[in-house]
Amino acid sequence: MEVYRKNPVPVIYTELGFVRAAPPSMLADCPEDLPRLQLLQRVAGGKSCVSELEHSHWLIVKAELPDDIFAWTGNTWKVIEWRMYFWKLWDAETLVNDSQPAEAIRPADAGVSAQFLNSLAHPTSCLPMLRETQKVFGEGYKLKQEIATVLEQIESPLIACLKLGTMKQLKPSANSRSQNVTGDPQISPRLRETILRRGNYRCLFCGQDSSATSLEVNHIIPRNLINKLHLASALHTALENLCVTCRDCNRGKCDNLTSEDIEYYRKAFSSQGHPNHDLLPHLTKLSELQAL
């Protein structure tokens with residue numbers, strides 16, 4: 001019986017190319033092990049997440065439990081064997097030091113799909129968890145400041161992109177574009193190709209590439225707002241106001257920006273090296289106008 005995680009994990013872990021494969025764990029169907037056995041049964045029955053089986057430094061992704069687990073009552077003295085696939089909290093550091101643990105196997109080989117891992121991703125940082133783990137292990141595990149700095153640099157765009165993606169996965173509303181439009185007439189084929197190439201042919205919001213969906217070039221500050229609020233007309237074709245979206249994300253976007261939208265964009269584009277960084281002054285002006 002295969003049981004998969006329900007609770008989310010910090011997004012950085014879903015970027016790892018491996019999970020750890022633990023050796024089989026053992027417990028006996030006896031009174032002493034009955035509380036643990038009952039927890040396994042709750043997990044198997046979907047009443048608890050596999051995360052309840054974790055230690056302080058593990059993130060369990062999947063557990064393999066015997067099919068007859070519900071037949072045990074704590075009095076047969078049978079030896080029970082089960083297995084788990086997991087990350088240790090400090091596995092996030094492998095994105096910095098380019099190493100993998102000896103127990104590492106590909107998620108696909110563990111029966112864990114990329115789509116499932118993406119569904120676990122949550123826009124939180126791993127650093128608070130790593131610092132708590134450091135307190136437990138003391139000198140046995142120490143989070144170096146230089147490692148924490150690089151992890152934060154890796155996490156920041158992942159977190160921002162995930163928040164943007166969640167925010168934009170909206171059902172079309174009365175203000176949403178509903179026409180079957182494949183391109184903006186103000187965006188030339190040459191400009192469109194420039195933006196697609198700059199965005200690595202991936203949707204800014206959900207991350208899908210051109211092999212999975214049709215891609216479009218989208219205005220971050222919508223055209224109707226540019227006209228309505230008398231913003232710089234150059235924003236209609238300015239590189240900093242254009243991004244790559246898939247068809248679904250573009251259709252699900254509202255032709256307006258809330259204060260929450262603007263704040264997410266500010267965070268996503270905060271790095272000076274980001275191609276949309278120069279849009280920040282326009283977003284600030286937009287925020288000020290909306291506050292009037």
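**Close-up views of a predicted model**

**View 1. What lines the largest pocket.** The lining of the largest pocket is made up of 22 nonpolar, 17 polar and 4 charged residues. Here Ala, Val, Leu, Ile, Met, Phe, Trp, Tyr, Cys and Pro count as nonpolar, Asp, Glu, Lys and Arg as charged, and the others, Gly among them, as polar. This is a predicted model, where local features need pLDDT of at least 70 and side-chain atom pairs count only at pLDDT 80 or more, while totals for chains, interfaces and linings use all residues. Residues are numbered from 1 along each chain as its sequence is written, and side-chain values use heavy atoms, leaving out hydrogens and water.

View 2. The volume of the largest pocket is about 1300 Å³. Among its 43 lining residues, Cys161, Cys203, Leu204, Cys206 and Gly207 are the closest to its centre. A pocket is an open set of points on a 1 Å grid where a 1.4 Å probe fits, with protein on both sides within 12 Å along at least five of seven lines; lining residues have an atom within 4 Å of a point. Helix H5 (145-168) is one of the elements that supply at least two lining residues, and H5 gives the largest share, 8 residues. Helices (H or I, at least four residues) and strands (E, at least two) are DSSP runs, numbered from the N terminus.

**View 3. Trp58 meets Phe86.** Rings of Phe, Tyr and Trp (its six-membered ring) pair if their centres lie within 6.5 Å; planes under 30 degrees apart count as stacked, over 60 as edge-to-face and the rest as tilted. The count comes to 6 aromatic pairs. The ring centres of Trp58 and Phe86 are 5.0 Å apart and their planes are at 35°, so this pair is tilted. Trp58 lies in strand S5 and Phe86 in strand S6, 28 residues apart. Both Trp58 and Phe86 are buried (under 20% relative accessible area with a 1.4 Å probe, protein chains only; exposed is over 50%, partly exposed in between).

**View 4. Trp90 meets Phe137.** With ring centres 5.4 Å apart and planes at 85°, Trp90 and Phe137 form an edge-to-face pair. Phe137 counts as partly exposed, at 31% relative accessibility. Ring pairs join Trp90, Phe137 and Tyr141 into a cluster.

**View 5. Inside the largest nonpolar core.** This core has 32 residues, and Ile221, Leu257, Tyr265, Phe269 and Leu283 have the most contacts inside it. A nonpolar core is a set of buried Ala, Val, Leu, Ile, Met, Phe, Trp, Tyr and Cys residues joined through side-chain atoms within 4.5 Å. The largest share, 4 residues, comes from S10.

Methods
Points joined across faces, edges and corners; volume = space filled by probe spheres on them.
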